[in-house]
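Subject: Structure for you, with notes

Hello,

The structure is pasted below, and my notes on it follow. Please read them with the model open.

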Amino acid sequence: MEADSAQSSLRLKQLGEFSLQDIEVVRLILRGGSVVDWHRLNFRSADEVKQFIRIHGLDPDAAEDRDYIRGIQEQAVRYLRRSFQCRIPASTEEADVVQLALMASAPGGHDQQSACAILKVMQIINHMAGRELLFRLPLSDRDLFHLVEEKVYRIVGTMLSEGFPITEFVGGRKNLDSTYTKLLSKRESTAVAIYDKLRFRIVTRSREELMPVLLYLSERLFPFNYVVPEQSTNTIFHFRSFCESHPHLSRFVPDLQITDQDALTPGDNRFSAPDYRTVQFIADLPVRVPDHLLELAPPGSEPLGKVVYMLCEIQLMDAETEASNEAGAANHRAYKDRQLAAVSRRLRLSLEGPEGG
């Protein structure tokens, strides 16, 4: 069943095929929002929900994974009752996760609101379980990088072999010198402040193809609900204006559930040139741990499932934007020179301080 689903997802959706759910997903990624702020989903079928579950590294048709998901759902219901004295309808409490997602996508009402609340809490519990499992497993960064890279290269490699409109794909790990420099250039000089130890860049043929490629990645590589809030940059196009100018997309604009100013989302990297243009975000990629590595987990880890998460930076731009970036002060060499100069000044000030450094 999973192979059939994978084959059916190989085709890139064109803008004229986007649904309201697709628009909401792309918008959340570009704006760096949180799905916890949503008040509804917009899934149209059980197949769409099942594909969404699969992106989390879980198989909704496998008994073992269904039991894990059910356990997460029961924890979420208990939390809502314990902390907020919520009256959870039997219809939502007894529904499986596919039914729950479809309830959350239905017209408003108590069942719809309860389904949304349960799913939001389930997201948090599932993510914490994955983090705890990673903490318990004797996995190095190198081991985890390998698992993530294997997943990314397989999916993007398929995109390239299928003739997707991609002119360039670059992936890699930040080397130690780059990590040291980045930390020394930041006020919060701790390793936890580094999101892009693993990073991937995709260049599309044209600007019109950015949204379809981004949507495809959210359907095959990372779940949109695990994009890190407040860490997105979009300096390429105004999302709302772009949608309003497209005959098909414009009809969804009045139904967007969160309205805000039609503006770009600038990044906070002070070393980027003012005219640097990109779509860039941080996603926590789910990776299913192979059984031979799960055997290394201590006893009692079974309720944590089989999926761990790795933060990755994903960057997209079109070929014209890439050429423009590289033509002047926005190019990567100039960026690194500005960053190194700032670190040099900071280290020199530290060494020349009143206490001799």
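Phe237 is buried, at a relative accessible area of 7%; buried means under 20% relative accessible area, exposed over 50% and partly exposed in between, with a 1.4 Å probe and protein chains only. Before the rest, two notes on the source. This is a predicted model, in which local features need pLDDT of at least 70 and side-chain atom pairs count only at pLDDT 80 or more, while totals for chains, interfaces and linings use all residues. Residues are numbered from 1 along each chain as its sequence is written, and side-chain values use heavy atoms, with hydrogens and water left out.

Overall

The protein chain has 14 helices and five strands. These are DSSP runs numbered from the N terminus, with helices being H or I of at least four residues and strands E of at least two. Of the 357 residues in the protein chain, 49% are buried. For contacts (heavy atoms within 4.5 Å) between residues at least 6 apart in sequence, 79% join residues at least 24 apart.

Aromatic rings

There are 11 aromatic pairs in the structure. The rings of Phe237 and Phe242 have centres 5.1 Å apart and planes at 35 degrees, so this pair is tilted. The rule covers rings of Phe, Tyr and Trp (its six-membered ring), which pair if their centres lie within 6.5 Å; planes under 30 degrees apart count as stacked, over 60 as edge-to-face and the rest as tilted. Phe242 is buried too, with 13% relative accessibility. Elsewhere, ring pairs join Trp38, Phe43, Phe52 and Phe224 into a cluster.

Cavities

How many cavities of 30 Å³ or more are there? The count is five. A cavity here is a set of points, on a 1 Å grid over the protein atoms alone, where a 1.4 Å probe fits but cannot get out; lining residues have an atom within 4 Å of a point. Grid points are joined across faces, edges and corners, and a volume is the space filled by probe spheres set on the points.

The largest cavity holds about 440 Å³ of space. Its lining consists of 24 residues, and those nearest the centre are Phe52, His56, Leu119, Gln123 and Asn225. By class, 18 of the lining residues are nonpolar, four polar and two charged. For these classes, Ala, Val, Leu, Ile, Met, Phe, Trp, Tyr, Cys and Pro count as nonpolar, Asp, Glu, Lys and Arg as charged, and the others, Gly among them, as polar. Helix 3 (46-55), helix 4 (63-84), helix 6 and helix 7 (110-136) each give at least two residues to this lining. Helix 7 supplies the largest share, six residues.

Helix 3 is mostly covered, with seven of its 10 residues buried. The buried ones are Val49, Lys50, Gln51, Phe52, Ile53, Arg54 and Ile55. After helix 3 comes Gly57, with a positive phi near 85 degrees.

Helix 6 (residues 97-104) contains Leu100, which is buried at a relative accessible area of 0%. Leaving aside residues up to four places away in sequence, Leu100 touches Gln73, Thr92, Ala95, Ala115, Ile118, Leu119 and Met122. The C-alpha atoms of Leu100 and Gln112 are 8.5 Å apart, at a sequence separation of 12 residues.

Which residues of helix 13 (residues 319-327) are buried? They are Thr321, Glu322 and Asn325. Viewed down the helix axis, the buried residues of helix 13 fall within an arc of 100 degrees, so they line one face of the helix; the arc is that of the directions from the helix axis to the C-beta atoms. Glu320 and Ala327, on the other side of helix 13, are exposed.

Leu311 belongs to strand 5 (residues 307-318) and is partly exposed, at 22% relative accessible area. Leu311 and Asp284 are 27 residues apart along the chain, yet their C-alpha atoms are separated by 4.3 Å.

Positive phi in loops

Gln85, not a glycine, has a positive phi of about 55 degrees. Gln85 sits in the loop between helix 4 and helix 5 (90-94) and is exposed, at 58%. Glu230 also has a positive phi, near 65 degrees. Glu230 lies in the loop between helix 10 (210-220) and strand 3 (233-234) and is exposed, with a relative accessible area of 68%.

Regards

Key:
On a 1 Å grid over the protein atoms alone, a cavity is a set of points where a 1.4 Å probe fits but cannot get out, and a pocket is an open set with protein on both sides within 12 Å along at least five of seven lines; lining residues have an atom within 4 Å of a point.
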